[in-house]
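Dear colleague,

Please find the structure below for your review.

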Amino acid sequence: MNNKWQNAVRNMEQRMESLRLNMHGYQILYRGELIGERYWEPFHRDSLHRMYSITKSFTSLATGLLAAEGKIGLDDRICTYFPEKLPEGGAHPWCEEMTIRDLLTMRTCYESTTFKRYDGDWVESFFRVTPDHVPGTVFNYDTSASHVLAALVEKLTGMDLLDYLREKVLRRVGFSEEAYIIKDPYGVSQGGSGLVCRLGDLAGIAMLCCRGGILDGEQLIPADFLREATACQVPTDLQPTFDEQLGYGYMMWKTRYDGFVFYGMGGQLALCFPEWDLVFLTMADTIGNPAGLQMIYDCFYDTVYPAVTGVSEYTNTQKLPAGERRRGVERWHFYGMQDKTGATCDSSGWETVVFDWEQCIITLVSAEKTYEWYYGDGTWEYQKFPETDYTCVCRGQWTLGHFVFHSFLIDEEEGHVAMDFAWKGNRMSARLVSTSEPPFVKLKGFWAAEQIE
């Protein structure tokens, strides 16, 4: 360990312990040099550890390698590769149009993981569960998307997902032969959560990605794919914590300081900062601590990161482009339970949404009532929340062609509703998150709509 960073590393460890974080181990690498490492009993350097959704990033890399071989295109429709999994008569039209890129960016047509609500084949579930919104629009974290891509890799290569990655990349970066990926009950590698490996195994692949996929002058991971995978492809403003709100690439999250992270439930992290050639890796169990993951991030950001980089205070300068703004007045009709598409989108009784983009007004209409909000364009607008005497502040903002709306109660009651609207031709999807108390109880879930001429 380099003594230059010893105080910062010690401070990070002390903070982790004072916060009672259930850490299992960490490594910090700077310019390829190990500057910090520790394991808490009974874990040690050679422990195999479940890495949960870090697996998704491995699945993403394997998908990129398949594309580089010419075996797939990212804009290919995923249904074309699994005709045997489709229901009789074909998949739902929204499922039929999903592309591999939609799966990589977590913009599927599903509100939740399909195999958790289907009695049978995990891969098959992805093509048979009824969708609830238009694919290729709003972000929603969907482990079944990763699982299907793992199945795609295994189907086209005839190899287990991890063996394919070993052959192409992982052996070159010292990845252990003991590591494995847990299979689903039908024999497919759990490409969304099944990786079991050593922390040091992650170090090699994280450093490779941090360095643009190049090892000893050889491009092991396609440069264009990796550039896209580690860039923001879709906004994630509606996620619950700040370090999940900076955008999503191809099964990799964006982070502060223009970094990216392979992220797994419970505090499994491979945090990469290409500008500094800096990698921070952790294994932990914070599943029972809702603030635990954020605590791990903060322990690192407040101690080691400034010591290594000289950047002592974070300011959010990662402004994403607005993208195409919509103009004029638009009326959109929500799909109902018995609509012509067969969609099961639940708009909680709302029939129409009207956008007046010039006057900055959103109006929700049902047979019984109308909600109208005035919003500031990047600023806050004060008003009464519909059907209440409570004051609220509202703001709208364009990011990558998405319109994200926030309304906060600032009165005797506190609460929040956020809406992410995204368009695909004459169709739209909306993702809504809110508190569970009135007046927000009917402002949550996924809605789909078509434009009224």
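This is a predicted model: local features need pLDDT of at least 70, side-chain atom pairs count only at pLDDT 80 or more; totals for chains, interfaces and linings use all residues.

Two strands are said to pair if DSSP finds at least two bridges between them. Helices (H or I, at least four residues) and strands (E, at least two) are DSSP runs, numbered from the N terminus. In these terms, β19 and β20 form a hairpin with three residues between them.

Residues are numbered from 1 along each chain as its sequence is written, and side-chain values use heavy atoms, with hydrogens and water left out.

Overall dimensions

The protein contains 11 helices and 22 strands. Along the principal axes, the C-alpha atoms fill a box of roughly 65 × 55 × 35 Å.

Of the 453 residues, 58% are buried. Here buried means under 20% relative accessible area, exposed means over 50%, and partly exposed lies in between (1.4 Å probe, protein chains only). The accessible surface comes to about 18,700 Å², and carbon and sulfur atoms hold 45% of that surface. Accessible areas come from the Shrake-Rupley method with a 1.4 Å probe; for residues, only the protein chains shown count as cover. Among contacts (heavy atoms within 4.5 Å) with a separation of 6 or more, 58% are between residues 24 or more positions apart.

Strand β19 covers residues 402-410 and pairs with β20 in the antiparallel sense over eight bridges. Within this pairing, S407 has V417 of β20 as its bridge partner. V417 also has a bridge partner in β21, namely S434. Strand β21 (residues 427-434) is joined to β20 by eight bridges, and these two strands run antiparallel. Two residues lie between the strands in the hairpin of β20 and β21, where G425 takes a positive phi near 65 degrees. Strand β20 (residues 414-424) has eight of its 11 residues buried, so it is largely enclosed by the rest of the structure.

The sheet containing β1 and β2

An open sheet is formed by six strands in the order β2-β1-β11-β10-β9-β8, with antiparallel pairing. The edges are β2 and β8 (253-254), each with a single partner strand, so one side of each is left without a neighbour in the sheet.

Strand β1 (residues 23-30) is joined to β2 by six bridges, and the two run antiparallel. They form a hairpin with two residues between them, and R31 in the turn has a positive phi of about 55 degrees. I28 stands opposite G36 in β2, and Q27 has E37 as its bridge partner in β2.

E37 belongs to strand β2, residues 33-39. With a relative accessibility of 16%, E37 counts as buried. Its side chain makes a polar contact of 3.2 Å with the side chain of Q27 and a polar contact of 2.6 Å with that of Y39. A polar contact is a pair of N or O atoms within 3.5 Å; within protein, one must be able to donate a hydrogen and the other to accept it, and residues adjacent in sequence count only if both atoms are side-chain atoms.

Helix α8

Helix α8 (residues 199-210) has 12 residues and reaches 16 Å from its first C-alpha to its last, close to the 16 Å expected at 1.5 Å a residue. The expected span is 1.5 Å times one less than the number of residues. The helix is mostly covered, with 11 of its 12 residues buried; among them are L199, D201, L202 and C210. G212, which follows α8, has a positive phi near 75 degrees.

Two individual residues

W447 lies in strand β22 (residues 445-451) and is buried, with a relative accessible area of 1%. Its C-alpha atom is separated by 35 Å from that of L156, which is 291 residues away along the chain.

G310 lies in the loop between α11 (304-309) and β12 (329-334). G310 is exposed, with a relative accessible area of 61%. The C-alpha atoms of G310 and T236 are separated by 28 Å, and these residues are 74 apart along the chain.

Yours sincerely
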